[in-house]
Amino acid sequence: MSLFLSYSSPIFLDPSTAKELNEHEGGTCDVYLTVLDGRRVLIKKLKPEFEGNPHYVAIFKKEYELGCELRHPNLVVYRDFIQSKEGVMIVLDYVDGLTVEEILESSPSYFSKPENLGRMLKELLACVDYLHKHQVLHLDLKPSNIMITNLNSDVKVLDLGFSYSDTFNTTPGCDITFAAPEQRDKSKYGQIGVGTDLYAIGRILQEIERVTEKRLPR
C-alpha cells in the first residue's frame, strides 16, 4: 500500500519534500519517507490508537534503543527517537532497494543465480552473527525484513521491533510463518537462542526454493 504524506502528517514531515512511499504499512505503525537535513529518512510513527498505550510505547522505544547502539554495514541505521505532541516516532536511514519478498514477487530468477543467493546469504549471516555477538536476537527474520539495495546489491536487515537482548528480554510476538517452534509455543519460550534466528534463515531459504521452484545449492 502506497502512503502519501499530507498536511495531517506530523508537522516536521514537510509535504513539499515528501515522496510517495511504496512500503508495507505496519500493524502498529505508519511509515513515511521525508528529507531531514538533506538526508532521506524513514519515519516510523505509532498509530494514534497505540500512542497512549505504555506497552506499545515501551516496545517502540526498545527498538530504537537497541538499534541506535548497533552499527553494521548490513543493518539499517537508527537515527533518532521522538516523543512529542505529534506522536511517538523513530527516524531511520532510508534504504533504496527492494525487499527479498518483493524480489521473489517480481524477479524470482534473481536468486536462481548462485552468486546472488550466496552473497545475500553471506551478508545476512554476517549481520545476524554481529547481532548475536552483541547479545541481540532479531526474532523476526523474514523476506519482508531483508532488503537488497539498488546500489551495489548489499543486504540491509530491517526492523528490530521483535528483538530480544539481555537488557530487553521480552518480545511482543512473532511471524508464525518463519518463527521457530520455541517462538510459537509459549511453554518453550526459555529455549529461544541464536538457533532461533538460524531457523528463520532456513525458512527463508525454503521460501526461495518454493517460489523459484528450484533446489538451492547445498
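**Strands, helices and a buried methionine**

Trainee: Which helix is methionine 120 found in?
Mentor: Helices are DSSP runs (H or I, at least four residues), as are strands (E, at least two), and both are numbered from the N terminus. Going by those runs, methionine 120 is found in helix H4.

Trainee: Before we go on, at what pLDDT do side-chain atom pairs count?
Mentor: Residues are numbered from 1 along each chain as its sequence is written, and side-chain values use heavy atoms, with hydrogens and water left out. Keep in mind that this is a predicted model: totals for chains, interfaces and linings use all residues, local features need pLDDT of at least 70, and side-chain atom pairs count only at pLDDT 80 or more.

Trainee: Okay, is methionine 120 buried or exposed?
Mentor: The classes go by relative accessible area: buried is under 20%, exposed is over 50%, and partly exposed is in between (1.4 Å probe, protein chains only). Methionine 120 has 2% relative accessibility, so this residue counts as buried.

Trainee: Which residues does methionine 120 touch, not counting those up to four places away in sequence?
Mentor: Contact means heavy atoms within 4.5 Å. With residues up to four places away in sequence left out, methionine 120 touches Phe111, Ile148, Val155 and Ile208.

Trainee: Phe111 shows up there. What kind of aromatic pair do tyrosine 110 and phenylalanine 111 make?
Mentor: Rings of Phe, Tyr and Trp (its six-membered ring) pair if their centres lie within 6.5 Å; planes under 30 degrees apart are stacked, over 60 edge-to-face, and the rest tilted. There are three aromatic pairs in the structure. For tyrosine 110 and phenylalanine 111 the ring centres are 5.0 Å apart and the planes stand at 90°, so the pair is edge-to-face.

Trainee: Of those two, is tyrosine 110 buried or partly exposed?
Mentor: Phenylalanine 111 has 1% relative accessibility and so counts as buried. Tyrosine 110 has 22%, so that residue counts as partly exposed.

Trainee: What order do the strands take in the open sheet of three?
Mentor: Two strands pair if DSSP finds at least two bridges between them. S9 and S10 run antiparallel and are joined by three bridges. Strand S7 (97–99) and S10 are the edge strands, each pairing on one side only. With antiparallel pairing, the order is S7-S9-S10.

Trainee: At what angle to S10 does H4 run?
Mentor: Axes are lines fitted to C-alpha atoms, for helices over the stretch in contact, and angles run from 0 to 180 degrees between N-to-C directions. H4 lies across S9 and S10, and its angle to S10 is about 35°.

Trainee: How far apart are the end C-alpha atoms of helix H6?
Mentor: The expected span of a helix is 1.5 Å times one less than its number of residues. For the 19 residues of H6 (residues 194–212) that should be 27 Å, which agrees with the end-to-end distance of 28 Å.

Trainee: What covers the buried residues of H6?
Mentor: The buried residues of H6 include Ile201, Ile204 and Ile208. Among the elements covering the buried residues are helix H3 (100–106), helix H4 (114–133), S8, S9 and helix H5 (181–184).

Trainee: Leucine 139 has a positive phi. What is its relative accessible area?
Mentor: Phi of leucine 139 is near 70°, in a residue other than glycine. Leucine 139 lies in the loop between strand S8 (136–137) and strand S9 (146–149). This residue is buried, with a relative accessible area of 4%.

Trainee: Last one: how many disulfides are there?
Mentor: A disulfide is a pair of cysteine sulfur atoms within 2.5 Å. Cysteine 29 is buried at 8% relative accessibility, whereas cysteine 68 is partly exposed at 30%. By the distance rule, the disulfide count comes to zero.
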